[in-house]
Amino acid sequence: MRNCTRIYFDNAAATPLRPEVRAAMEPYWSDTFGNAGSPYAVSRAARMAIDRARTQVAALIGAHSDEIVFTSGGTESDNWALLGVALANLETRCHAIVSAIEHHAVLETATTLRELGFEVEEVGVDGNGVVQLETLDALLRPETCLVSIMTVNNETGVVQPLEAISQRTRERGIVLHSDAVQAAGKVLLDVEGSGIDIASLSAHKLGGPKGVGALWVRRGTRMRALLRGGGQERGRRAGTENVPGIVGFGAACELAELEMEANREQMCTLRERLEQGVREIEGARLNGESAPRAPHITNFSLPGNRGESMALNFDMRGFAIGTGSACASGALEPSHVLAAMGLSRAEARSSLRVSLSAQNTGAEVDEFLDVLRELVKK
Ligand SMILES: Cc1ncc(COP(=O)(O)O)c(C=O)c1O
């Protein structure tokens, strides 16, 4: 099938691999192919490349490089965070809390924890998609070992109040995990100075390759390894390292750090232009508009319209647009995130998610708005 996408507005689902990243990865497919664990030159070079990437990833989020463990992506990082902490606490504490708007990589792992005998409760959000602190307070217990709340929601872009949440977890000795997949490179992160203990990252959301990510684990955090075998990643995650992927992830993080400020400004300007156009459509509702948000995502409902059919119409005209979480697309259930924010099924199903990059242009936004107005009129 020919790829006819001209205007890409689904950067929360995947970003194109940046040419600089691709160039950085190139030698590690062929010339520098060695197994990073072996004791000769071609392998030492691979090892050094991994170490460099570890430093680049750490720099983007304000971490120590020895706290970065490479994984196969955000999904593995989320799964490992929850299971790793739960398994380390099996004997003593058996209660965990996740938010209702987490990615399915967290929500499905919460189900596994329940199967293992843990009690896992969900904390809800307000109408703007922000975790309700009073509800969290009521859920915290002496036997709570883990709280998992994402940094930026992947459907609305809403930033969660992690500072306030971490004050609560810190004083009770609870491990706080945050899925920062949509935050890294978009909002300034200083994990070391934060009260978070573990954070998930993914390369393909910030110009890197698919199938690689990381878990940041604060020194001293108690958690078990999930992948067992060789002693890679200092025994924390076994398996021969994906050297080209890791190198690409590192290069993408370095670029993201350098460009974050300028990219933020560009994306905020584009988003405002787009949202202004949406506001002018009768009945339109911008979801999460009054909450603090990351610059790249906007989500809106157009009552009386179907998100899926609008996205399909946009596709036929060369646009790539999401209706909800990319990972959940194809499923007919309306978004669990919008439902948690109090939208009715019909409202949730009339929603579109547009996720921008700094490479998008004002002309693309204008063309999008023209098509949107036309579809709504129909
Ligand atoms: C918030 C969030 N967490 C986790 C993931 C999963 O990451 P990956 O695709 O690297 O497995 C995604 C992907 O959409 C995401 O948006």
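The paragraphs below go through the sheet of this predicted model and then turn to its ligand. Residues are numbered from 1 along each chain as its sequence is written, and side-chain values use heavy atoms, with hydrogens and water left out. Because the model is predicted, local features need pLDDT of at least 70 and side-chain atom pairs count only at pLDDT 80 or more, whereas totals for chains, interfaces and linings use all residues.

The sheet is an open one, built from seven strands in the order S2-S8-S7-S6-S5-S3-S4 with mixed pairing; strands here are DSSP runs (E) of at least two residues, helices are runs (H or I) of at least four, and both are numbered from the N terminus. Two strands are taken to pair if DSSP finds at least two bridges between them. At the edges stand strand S2 (68-71) and strand S4 (119-123), each of which pairs on one side only. On average, neighbouring strands of this sheet are turned by 20° against each other, direction ignored, the axes being lines fitted to C-alpha atoms.

Within this order, strand S5 (residues 144-148) is mostly covered, since five of its five residues are buried, that is, under 20% relative accessible area with a 1.4 Å probe and protein chains only. Strand S3 (residues 95-99) pairs with S5 in the parallel sense over four bridges, and valine 98 has serine 148 in S5 as its bridge partner. S5 is also joined by three bridges to strand S6 (residues 175-179), again running parallel, and here serine 148 has histidine 177 in S6 as its bridge partner. Strand S7 (residues 198-202) and strand S8 (residues 213-217), by contrast, run antiparallel and are joined by five bridges, with leucine 201 standing opposite alanine 214 in S8.

Around the ligand there are 14 residues, of which Gly74, Thr75, Asp179, Ser202 and Lys205 come nearest; a residue is near if one of its heavy atoms lies within 4 Å. By class, this shell has three nonpolar, eight polar and three charged residues, with Gly counted among the polar ones. Helix H3 (residues 74-88) supplies the largest share of the shell, three residues.

Among the polar contacts (pairs of N or O atoms within 3.5 Å), a side-chain N or O atom of aspartate 179 is 2.6 Å from a nitrogen atom of the ligand. The side chain of serine 202 places an N or O atom 2.7 Å from a ligand oxygen atom, and a polar side-chain atom of lysine 205 lies 2.6 Å from an oxygen atom of the ligand. The protein covers 91% of the 390 Å² of accessible area that the ligand has on its own, as given by the Shrake-Rupley method with a 1.4 Å probe.

Technical notes:
A polar contact is a pair of N or O atoms within 3.5 Å; within protein, one must be able to donate a hydrogen and the other to accept it, and residues adjacent in sequence count only if both atoms are side-chain atoms. Axes are lines fitted to C-alpha atoms, for helices over the stretch in contact, and angles run from 0 to 180 degrees between N-to-C directions. Buried means under 20% relative accessible area, exposed over 50%, partly exposed in between (1.4 Å probe, protein chains only).
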